Amino acid sequence: MNIVVPIKFVPDLVEELTIDDSGAALDTAWMRMILNEFDDHAIEQAILLKEAGAGSVTVVAPDTEGVDDALFAAAAKGADRLIKLTGNFENDVRSHALARVFANAVKTLRPELILTGVQAHNDLDGAIGARLAELLGMPYIGYISGVSLAQNKAKVRKEYPGGLIAEMEMTLPGVIGVQAASQPQRYVPISKVRQAMKTARIEEMPAAELESAGGPAVSRMFRPEVGARAEMIEGDAGDVAARLVELFREQGIL
């Protein structure tokens, strides 16, 4: 079985983000990009399936900052094939555009299963996995925390609010949005990544031209404004309870 994992990169929220002169986009000149956390879980889940005898794992990534390091790290975990999509990915690419690029590339790989991160913190126009499934004409299940394969079907554990878990079955080929791998992500020492840099090969594949159509257009960005601060209620249990009742009455709750 051929398992493909498309991955994307997102702005590092540890760094300070600035708005460019247009006021409608982030300034990418000094913006640090890192691998999307949920995509890292998708890679881990793919490797777990491979280790269970599922087949081979191909990781596909756009050519952006840090892509080589992320691909070699995937190889150190156990990925069999690494593909870098070459093109202009310097700006923060929206999900509609990136999904179309991934769809064109994935078609040539003919996968039975596609695993993606369920979401990313810069997805303003929907998750890539669902868009990719639509473009490829495949079924999609998201918010998955475990996958097992049997013949041409995938059995998944889907999470719902309130701690509810559902078990579902999907006929392959299909796309799965991974929220968490079925086991904790493995630690890969830097020595193993360096070894992968010597033995693994990153293939380059020309990406389709990016099309910006689809999804809502951002007309203006603003920094969050500082609002009212929290009030800390001090005293014993009786004083705190009395103050809470007072506040509830002031707000019209009681």
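1. The protein chain has six helices and 11 strands, where helices (H or I, at least four residues) and strands (E, at least two) are DSSP runs numbered from the N terminus. Keep in mind that this is a predicted model: local features need pLDDT of at least 70, side-chain atom pairs count only at pLDDT 80 or more, and totals for chains, interfaces and linings use all residues. Residues are numbered from 1 along each chain as its sequence is written, and side-chain values use heavy atoms, with hydrogens and water left out.

2. On overall dimensions, the C-alpha trace of the protein chain spans about 65 × 45 × 40 Å along its principal axes. Of its 254 residues, 41% count as buried, with buried meaning under 20% relative accessible area, exposed over 50%, and partly exposed in between (1.4 Å probe, protein chains only). Take the contacts (heavy atoms within 4.5 Å) between residues at least 6 apart in sequence: 72% of them join residues at least 24 apart.

3. Have a look at H2 (67-77). Eight of its 11 residues are buried, so H2 is largely enclosed by the rest of the structure. The buried ones are Val67, Ala70, Leu71, Phe72, Ala74, Ala75, Ala76 and Lys77; note that a lysine, Lys77, is in that list. What do the buried residues of H2 pack against? Their partners are strand E2 (9-11), H1, strand E4 (56-62), strand E5 (81-86), H5 and strand E11 (202-206). Just after H2 comes Gly78, with a positive phi of about 140°.

4. H2 also turns up at the second largest pocket, giving the most to its lining with five residues. About 370 Å³ of space lies in this pocket. Its lining counts 18 residues, and the closest to the centre are Leu35, Asp40, Asp69, Ala70 and Ala73. Strand E3 (33-35), helix H1 (37-51), H2 and helix H5 (190-199) each supply at least two lining residues. By class, the lining has 11 nonpolar, two polar and five charged residues. For the classes, Ala, Val, Leu, Ile, Met, Phe, Trp, Tyr, Cys and Pro count as nonpolar, Asp, Glu, Lys and Arg as charged, and the others, Gly among them, as polar.

5. A word on how pockets and cavities are found. Rolling a probe the size of a water molecule over the atoms shows where empty space is left. On a 1 Å grid over the protein atoms alone, a cavity is a set of points where a 1.4 Å probe fits but cannot get out, while a pocket is an open set with protein on both sides within 12 Å along at least five of seven lines; lining residues have an atom within 4 Å of a point. Grid points are joined across faces, edges and corners, and a volume is the space filled by probe spheres set on the points.

6. How many cavities of 30 Å³ or more does the structure hold? There are two, and the second largest cavity has about 80 Å³ of space. Lys8, Asn36, Asp39, Gly117 and Ile128 are the closest to its centre among the 15 residues that line it. Strand E6 (113-117) and helix H4 (128-136) are the elements that give two or more residues to this lining. Its make-up by class is seven nonpolar, five polar and three charged residues.

7. Ile128 brings us to H4, where Ile128, Gly129, Arg131, Leu132, Ala133 and Leu136 are buried. These buried residues pack against strand E1 (2-6), helix H3 (95-109), E6, E7 and E10. After H4 comes Gly137, whose phi is positive, near 70°.

8. Some backbone spots to check by eye. Leu172 and Pro173 are joined by a cis peptide bond, with omega about 5°; Pro173 sits in the loop between strand E9 (164-171) and strand E10 (174-178). Tyr143, in strand E7 (residues 140-150), has a positive phi of about 60° although it is not a glycine. At 37% relative accessibility, Tyr143 counts as partly exposed. Gln151 lies in the loop between E7 and strand E8 (153-160), and its phi is also positive, near 55°. Is Gln151 buried or exposed? Its relative accessibility is 79%, so Gln151 counts as exposed.

9. Last, H6 (residues 237-250) has 14 residues and at 1.5 Å a residue should span 20 Å, which agrees with its end C-alpha atoms being 20 Å apart; the expected span is 1.5 Å times one less than the number of residues. Gly252, which follows H6, has a positive phi near 75°.
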